[in-house]
Structures are given as C-alpha cells and as structure tokens.
Amino acid sequence: MPSLHDATRGRILFGGDYNPEQWPEEVWEQDVRLMQDAGVNSATVGVFSWARIEPRPGAREFGWLDRLADLLHAHGIGMVLATPTASPPPWMGARHPDTLPRDEDGRTVWWGSRQQFCPSSATYRAYAAAVTEDLAARYAGHPALTMWHVNNEYCTSCWCDGTARHFRRWLAARYGTVDALNEAWGTAFWSQRYDTWDEVIPPRRAQYLRNPAQQLDFRRFTSDALLECYTAERDIVARHAPRVPVTTNFMPFWTGQDAWAWAREEDVVSVDVYPDPKDPYGGQYNAMIGDMTRSQARGPWMVMEQAAGPVNWRDVNHPKPAGLNRLLSLQSVARGADAVCYFQWRQSRQGAEKFHSGMVPHAGEESRTFREVKRIGAELSRLAPEVSGAGVAAEVAVLHDWHSWWAVQQEGMPSREVAYPDVVRAWHRALWENGYATDFAHPEHGLSGYRMVVVPQLYLLSDAAVAGLVAYVAGGGTLVSGFLTGVADPDDRVRPGGMDARLRRLFGIRVLHEWWPLDRGERVACDGFDGTLWSEELEAAGDAEVAAAYRGGELDGLPAVLRRGRAWYVSTLPEPAALRALLARAAGEAGVRPVLEGLPELVEAVRRGGLLFVLNHGRKPVRVPLPAAGGGVYRDVLTGAAVAGSVELERYGAVVLREAAP
Ligand code: GLA
C-alpha cells in the first residue's frame, strides 16, 4: 500500500490548495515563481473544479489542467490532484433534482454554494465516478502527480426518499429483520413499532423528541454512506495509479465522520485545522488535532489545510500575529506531520472566501504573511532530513469514539450543557499542560502499550470495550475516567444500574443513585477544588477510596472522585487546574513523565525522532531551562547554532534541537 512517504520522499510537503481557475494564466507564472521563492513543493489542485472540467454533462475540458500540471512540474512542484466531486456544477441539480440534498424538514438544499449532493444519489455517484475515471486516466502517469485527494471535507447529510431507501438497506444489513430493528431501537416506547421496512425513514422533523437509537443509526449510516462515496472514487484513482497514495481531508474533530473507520480506508490521513488566533489555548487545540490525526494515521500525517492568516467563518476573524503561523506549523511537525499545507495558496478576490487569508494574501508578496510563509518553507526544508518519517512515542492515551459522541449528543439527555468535544478538550488540555506525550485511541484498540489511559467521556461502550478497560487495569494500567461513561450499550440502551456493572466494580461504585447536572456557570465545591457541568450521587463500594468528596449542597460528603487501585472515576468536570493536578497524581503513580520537567506556562516540549521541539505558545518571551543529560549541549537544527543550559524563546517562538554529539 502506498503511504505518505511515496509523496514526500523524505521531504516535508509544503504548499496548499491552489485554485488557478480563479485567475488569468499570466498569474500562474507569477504563482509558480513565488512558490519556488517560498519553498513550496506541493500544490493541491482541482478541489472545486468540477464545473470547469465538465461545463455541461459529459463534456471534458482538461486543457487548462494539462497546462497547469506541466507548469507545476516544470518548476519542481508536486501536484496533489483532487477529484472535484465536492461541488457539483449547477447543471447537475437543475437536471437531476435527486442529486440535491433534502434537510430534516424536506427542504431542498440548492446549488449556489458547495457540497450540494446527496451521498445516496445514484445519479450523483455515477457522474462523480465518470469524472473521476477520466481525471485518473488522464493524469495517473503525469510526472507532477504525488497524491490523490478525493472530494473535500465530506460533510453533507440528506433526509430524502432516496436516502430513506438506502438507509433501509443499511439497516437490513445490520439487523436482518424488522423485529431485530424494533428490539434495537426500543420501538415499544411511544408506539413506534415498525411492521415493514417500508415504514422506516430517516429521523425527519417530528412532533416531539425523536427515537435516539434511530438517530444514532442514522449518524452511523450517514458516515458509512459518505465513506462509500469516498471508497468508490479511491478505487478508481488507485486502479489507474496504484503507487500513488490517496487521501481525503478530515475536518478537525468533526462530528459527521467516524474517522477511525475512515482512516483505515486511506493511504494518508489528512486534516484541516484552524485554531482561533485569539484563543490563548489555540496551541492546545492544534496539539489535540495533531495527536488525534497522528493516532488515526498510526504514523506520519498531513496538515492538508490551515490558514496563514484569518479565516472568514467565525463571528470575528482574527489574523495570526507574527510568529504564530510558524509556531503552529512546527508544532504539527513535532507531532508527526510530514506535510504542512494551507487553504489556500493565493487569496481569492471573489467568492465567499475572498476575506479568508492565503499564503499570498491580497497584500501580495511584500506582506508580512508571505514573508513568514517563506521562512516556514525554508525551515521545513532544513528540518525534513532530520525528521521526515519519524514517529512520536506516547505514554498516555485519550479514548474517543464517534459513536459514543453521537449517542451522548442527543435530545432528551439529562443536560444540554454537556458538550462532548468540550469535555474531551478539557481533559486533553490538562494532559497537554502537564506536558505528556499523548495519543488518542479507540476504546476497542489495544491499550497495553500505554502507562495511563484517560476516558473524558464514553457514554456508549460496547462489551468488548468494557472488557478491554477491565483487562487494561488488571494488566497494570492506570485508568482515569470522567462522568457519563459506560452508561449505554451500542443500541443506546441504558445498562442495568445506570452504568455498566463491570465498570462500577472497577471504579468502586456500589450504587449510582442519581446524576445531578449543573447549570451553566454553576460550580460545586469538592475537597480542594470546584467541579463544573455535572455531579453525581454515588455510593462507594467498601474497597474504594474517596479521593475527593463534594462539600456543601445536596451531595455534601458524598464521593466526587473515587479510586479503586489504579482505576479512577471523576464524577464532575474539575476546574482546569484541579483536573491537571488530579491527572498529574495518577500519571505520577503510573510512571508517566512530562517530556521536559519544569517548563514555564504555555511552553510545550515534544520529542519526535531524535529531535526536541520547544514551543512557546505564550505571548511573552521566556527562558527555558534545558536538561543537562548527554552533556547538555544541543544543536539548533534550524540555525546550526550550539545551545547549552537554556534557550530564550520570543513570543510564539520555537526551536528544534538535537543533542549534539559529544
Ligand atoms: C476548509 C475547506 C476549504 C476552505 C477552508 C476555509 O479547509 O476545505 O475549502 O473552505 O475550510 O477555512
């Protein structure tokens, strides 16, 4: 199977989405010159070119793409060639309304933006396959081609009648009989029993709360339906060019795709990541997406898109202060990325993203943004031989599963204030601030390689996952779990006792009496800290230790944090410093060490291969002491300078160090 290495060949890919169809061809010449200037070695083309390639049904206009591919090649720039299928041309919707998605209310989602396709539409799939076939046949042998990029950020969903038929087929394959579906969905409730398959529909607009198991299965189905679209195109391009790796870009920590399942179908796992420059913990967010994507890739991965400056889809869109683009780029490389790319090369003058930054912004090549881009390009080419292909070893794993996310984020739950991604982020932030090297893992993956496993929240757990957690602790692992974990089985059926009995035994919970969710902004006092979001009325088993109790309020004196041996249960979301301290305690006992001890706040250290990345996410300069191990002398890989004792990092500064040979 091809891999990212087949595209990098020892380099770090640097470049971005390139949409030359938005520009006259004179500009292309300037583009490739500037790309060379900036050390760009990769351009992703064709992402939204369907109407240009196929202006009317069945027509093919490849001349411009031929000239472009040749031009890129002549300038030593590799081509990541996208199938254009994320944005069907208007003619498709106009002639074939069955290709257009319908929302939950049955309203049509029209053309005029992008991604207006129903993943279940046979017409859409046929046109997508045909254009992919011709594109692949034409460019499979082109010397510029380094990678295939299928579609873009698969994120549509549809509730139309064609989708309903497809959903029924998917359900029939999962359950076999309508009786089994009734059982799994709990349709005895509210007279929802289905008599025949034809009565089953996607969860459309309804009078009141909808069936949660139906909604969960529809999420699963939608992810699978999109994945079918991806694999169909992947198989076409791979047939034409079996040695060229294939990817599709994930949105970061996006709810719509089970990325564990998708990653298995990709040669290269790639992601788009846009930390908010104003967020003081933007570095943690970038780290989390990097950890997650590396774990999906099980090796080097690709930043397919990030922004050189502001995006234009937040309420207020902040530019990146000087140094931040470089810092986040090096941070991704530190966490295993072998490709650092952007949306997009040249900022558009027209269209919905004309105020979204580019590597070459409206201000042009004299801009601060482009100067920083050039610096990053030069540094990545220096870094590549030292790091490309190397792995990142982690002692801690965060468990995450999309199915559990889908199940917990539904109507009719005890609290609407619990947002799964925020809970995961809070736990990852605590690990990040403690400086541990951290992976993400699926709850059914092998965990024995980790010293500590944390479960921010896995409301839905299969029997296999529960057994895996129990075995992990029995085998000497340290497990720290947050609240609302182990509540439901894969059909979203509540486990007897309100939480899986094996997990209650593991954590030392005798009875889980009630959940006491907290209001927005409400805090609950516990020994030494405040809890937020949630609390629980728990009764500890005789052999459990109460590590912290609730103080005051309804739960006064009852356990807030329980442990039984190496298994910890945290029944609230401790404020950040407290979660940090709790995880430091558990990690310390488990033998987990930070990459570097004693770092100033917002300074991060990451080891990749033999390199030590030291990254200052703070807005003030800092001096960072360096370990004296191995003589304490380092070589700054980017400047060649010798470094000893400590290193000074400017605001958003970053250094990459190698221990100097004695
Ligand atoms: C994603 C998409 C791009 C563009 C950017 C804007 O990365 O893939 O096409 O819309 O977002 O941030």
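Me: Which residues make the nonpolar surface patch of about 400 Å²?

Reply: In this predicted model, the patch is made by F189, W190 and Y208; a patch joins nonpolar side chains (Val, Leu, Ile, Met, Phe, Trp, Tyr) within 5 Å, or like charges within 9 Å, from residues with over 30% relative accessible area and no salt bridge, the latter being a Lys or Arg side-chain nitrogen within 4 Å of an Asp or Glu carboxyl oxygen. Areas come from the Shrake-Rupley method with a 1.4 Å probe, and for residues only the protein chains shown count as cover. Residues are numbered from 1 along each chain as its sequence is written, and side-chain values use heavy atoms, without hydrogens and water. Local features need pLDDT of at least 70 and side-chain atom pairs 80 or more, whereas totals for chains, interfaces and linings use all residues.

Me: Where does F189 lie, and is F189 buried or partly exposed?

Reply: F189 lies in the loop between α8 (178-185) and α9 (212-240), where helices (H or I, at least four residues) and strands (E, at least two) are DSSP runs numbered from the N terminus. With a relative accessible area of 49%, F189 is partly exposed, the class between buried (under 20%) and exposed (over 50%).

Me: In what order do the five strands of the open sheet stand?

Reply: Strands of a sheet pair through backbone hydrogen bonds, either parallel or antiparallel. Here the order is β22-β23-β28-β25-β26, with antiparallel pairing, where a pair needs at least two DSSP bridges. Because β22 (603-608) and β26 (642-644) are edge strands with a single partner each, one side of each is left without a neighbour in the sheet.

Me: How many bridges join β25 to β28?

Reply: Three bridges join β25 (residues 633-636) to the antiparallel β28 (residues 654-659), and R635 has R658 in β28 as its bridge partner.

Terms used:
Buried < 20%, exposed > 50% of the residue type's maximum accessible area, 1.4 Å probe, protein only.
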